[in-house]
Amino acid sequence: MRYLRILCICIIQLFLSAVAFAQTQVTGHVADVRGEDIIGANVTVKGTSNGTITDIDGNFTLSSVPTSAKVLQVSYIGMQSQEVAIKPSVKVVLKSDAKALDEVVVTALGISREKKSLGYSVSEVKGD
């Protein structure tokens with residue numbers, strides 16, 4: 001009876017350690033369409049809080065990625081976010097997401113209004 005109890009405890013510990021080690025490491029590189037490295041891009045495992053940012057060369061390493069995870073989300077300001085399948089080594093190319101602004105008027109305390117709706121004089125600064 002004592003041996004059976006010890007055997008059950010060993011089997012349970014073996015099972016729990018296998019579940020704890022069922023994780024992989026993912027490395028990769030993030031660049032733009034011109035091939036330039038993107039510094040500081042966010043790379044996260046979809047549906048979790050596990051994530052990192054790219055280094056000065058555009059490379060990243062994510063450790064402790066669950067084997068059940070399927071998708072990485074990669075995002076950067078001014079670029080279109082992208083979802084890629086998880087592999088041991090991933091290369092991501094982000095496209096520009098440029099949007100033109102028509103006109104923004106900033107008044108006191110950061111209140112934005114259209115130029116026509118203001119009842120007072122407005123100075124205008126051009127982008128030239």
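Which backbone oxygen does the side chain of His29 reach?

The structure is a predicted model, in which local features need pLDDT of at least 70 and side-chain atom pairs count only at pLDDT 80 or more, while totals for chains, interfaces and linings use all residues. Residues are numbered from 1 along each chain as its sequence is written, and side-chain values use heavy atoms, with hydrogens and water left out.

**View A. His29 and its polar partners.** The side chain of His29 reaches the backbone oxygen of Asp57 at 3.1 Å. The side chains of His29 and Asp37 are joined by a polar contact of 2.8 Å (a pair of N or O atoms within 3.5 Å; within protein, one must be able to donate a hydrogen and the other to accept it, and residues adjacent in sequence count only if both atoms are side-chain atoms).

**View B. Asp32 in strand β1.** Asp32 lies in strand β1 (strands are DSSP runs of E, at least two residues, numbered from the N terminus). Asp32 counts as buried because its relative accessibility is 9% (buried means under 20% relative accessible area, with a 1.4 Å probe and protein chains only). Leaving aside neighbours within four places in sequence, Asp32 is in contact with Ile38, Met79, Val93 and Leu94 (contact means heavy atoms within 4.5 Å).

**View C. Strand β1 and its partners.** Strand β1 covers residues 23-32 and includes His29. β1 pairs with strand β4 (residues 59-66) in the antiparallel sense over six bridges (two strands pair if DSSP finds at least two bridges between them). Thr24 stands opposite Val65 in β4. β1 and strand β7 (residues 89-94) run parallel and are joined by six bridges. Val30 stands opposite Val92 in β7.

How values were computed:
Helix = DSSP H or I, 4+ residues; strand = E, 2+ residues; numbered from the N terminus. Buried < 20%, exposed > 50% of the residue type's maximum accessible area, 1.4 Å probe, protein only.
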